[in-house]
Amino acid sequence: MKNGILNYSKEELSETLKSIGGKKFRAEQILVWLYRFGTTSFFDMTNIGKSLQKQLDEMFYIYRPSISKVLESKDGTIKFSLELQDGNTIESVFIPEEKRNTICVSSQVGCSVGCRFCNTGYHGFIRNLSTEEIISQFLIVKDYLKLWNGEDRLSNVVFMGMGEPLLNYENVLKTINNLMIDDVEGLSRRKITVSTSGISPILMKIAKDLPCRLAVSLHAPNDSIRSGIMPINDIYNIESLLTACKEYTKCHEYLRITFEYLLLNGVNDSKECARELLELLKDLNAKVNLLQLNSWGNCGFKPSSKKQVSQFANILNNGGLEAFIRTRRGEDIMAACGQLSSNNRDKNMI
Ligand code: SAH
Ligand code: SF4
């Protein structure tokens, strides 16, 4: 049976090549073909000898999911629904901006964390994605949009699609490490962001090894509000989460953590909440992204008004905590944060 070559790290591929009598340095050449040029046949890898091409073809396949739907928003955001080999569907979102092209990738089919405001969480967890299923989201979007040339490359990757990346961290880390290899895709650690709902013991464990930026979905200034909207807080409370964040900061001095704060009308958007948040994060050298609610079918929350959002931002900024109001992208095609889903039940997906 053939193995998926996109599941391999550079080191694993080097070892495998060594075991069949190949040279270790070929691993990097192969990864360049796979990641930088999007090659889908070993026979197109022209700097590799014919016999090794044949051997590779006998041992490996090069994975791509099939694209089941592409929706384009009026703001240029594009949502890809991808069908996996077992029939499950995941979603990836392409977000063009003036100076960068970001891809938002999924790490799981569904999510088990069950945040009350999130459509992915509402539909439950199905399974983790393999490394090839994560990395191929990046490759298939590049294929579809013909982004193989320098200028137009996919410059940023955010793990903010479906799923909780820390609950699939081995495959997530392998993907990140592969995308960061110099001379392959060479993405810098500042261009990759992992967003987590706060699985504190795992964050603590991998803080040192996480080679990129971290975003933490905090969404509340205290345990009682947070537990009401994020049940995970009953297991890993804010104190445990901030302890793990401090560990990350200790290991990555120059990568400031971003705390995500979703403003929900009447739940966490009062002046008191803003002041409490200021106090909570004062020692962390962090910044805050204020998110506005993206609604979906059964979402029981209401967005905060523009006035409340800017009032909240002002209190943080005036108190010395840098806060940005994140612009919504792709809401009309259900591609915005928290709207992705592994089935086609959403109205505008049918
Ligand atoms: N599971 C990870 C990453 C995916 S969610 C996490 O929770 O961090 C990406 C971001 O979207 C998170 O900050 C999440 O809290 C936020 N989000 C979820 N549902 C949302 C909604 N309905 N509106 C706006 N943001 C939402
Ligand atoms: Fe899962 Fe993130 Fe949605 Fe929470 S917000 S349910 S962790 S995907």
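Reader: In which sense do strand 5 and strand 6 pair, and over how many bridges?
Author: Strands here are DSSP runs (E, at least two residues), as helices are (H or I, at least four residues), numbered from the N terminus, and two strands pair if DSSP finds at least two bridges between them. Across this pair, Ile95 stands opposite Thr102 in strand 6. Strand 5 (residues 89-96) and strand 6 (residues 101-104) pair in the antiparallel sense, over four bridges.

Reader: What kind of model is this, and how are its parts numbered?
Author: Residues are numbered from 1 along each chain as its sequence is written, while chains are lettered from A and ligands numbered from 1 in the order in which they are written. Side-chain values use heavy atoms, leaving out hydrogens and water, and local features need pLDDT of at least 70, side-chain atom pairs count only at pLDDT 80 or more, and totals for chains, interfaces and linings use all residues, since the model is predicted.

Reader: Which strands stand at the edges of the open sheet?
Author: The open sheet has 10 strands in the order 3-4-5-6-9-10-11-12-13-14, with mixed pairing. Its twist averages 20 degrees from one strand to the next. Two strands each have a single partner, so one side of each is left without a neighbour in the sheet, and these are strand 3 (66-72) and strand 14 (323-325).

Reader: Which strands does helix 11 lie across?
Author: Helix 11 (residues 306-318) runs at about 160 degrees to strand 14, where axes are lines fitted to C-alpha atoms (for helices over the stretch in contact) and angles run from 0 to 180 degrees between N-to-C directions. Helix 9 (residues 238-251), for its part, lies across strand 11 (213-217) and strand 12 (258-263) and runs at about 170 degrees to strand 11. Helix 11 lies across strand 12, strand 13 (287-292) and strand 14.

Reader: How are helix 10 and helix 11 oriented to each other, parallel or oblique?
Author: Helix 10 (residues 271-281) packs on helix 11 at an angle of about 30 degrees, with the axes 9 Å apart. In contact (heavy atoms within 4.5 Å), Lys271, Cys273, Ala274, Arg275, Leu277 and Leu278 of helix 10 meet Gln311, Phe312, Ile315 and Leu316 of helix 11. Angles under 35 degrees count as roughly parallel, over 145 as roughly antiparallel, 65 to 115 as roughly perpendicular and the rest as oblique. Helix 10 and helix 11 are therefore roughly parallel.

Reader: What is the handedness of the crossing of helix 5 and helix 6?
Author: The axes of helix 5 (residues 131-145) and helix 6 (residues 169-180) come within 8 Å and cross at roughly 45 degrees, which makes helix 5 oblique to helix 6. A crossing is left-handed if the near helix is turned anticlockwise from the far one by less than a right angle, and right-handed if clockwise. For helix 5 and helix 6, the crossing is right-handed.

Reader: How many charged residues does the shell around ligand 2 have?
Author: Ligand 2 is surrounded by Cys111, Val113, Gly114, Cys115, Cys118, Gly121, Gly163, Glu164 and Ser197, where a residue is near a molecule or strand if one of its heavy atoms lies within 4 Å of it. Ala, Val, Leu, Ile, Met, Phe, Trp, Tyr, Cys and Pro count as nonpolar, Asp, Glu, Lys and Arg as charged, and the others, Gly among them, as polar. By class, the shell has four nonpolar residues and four polar ones, and the number of charged residues is one.
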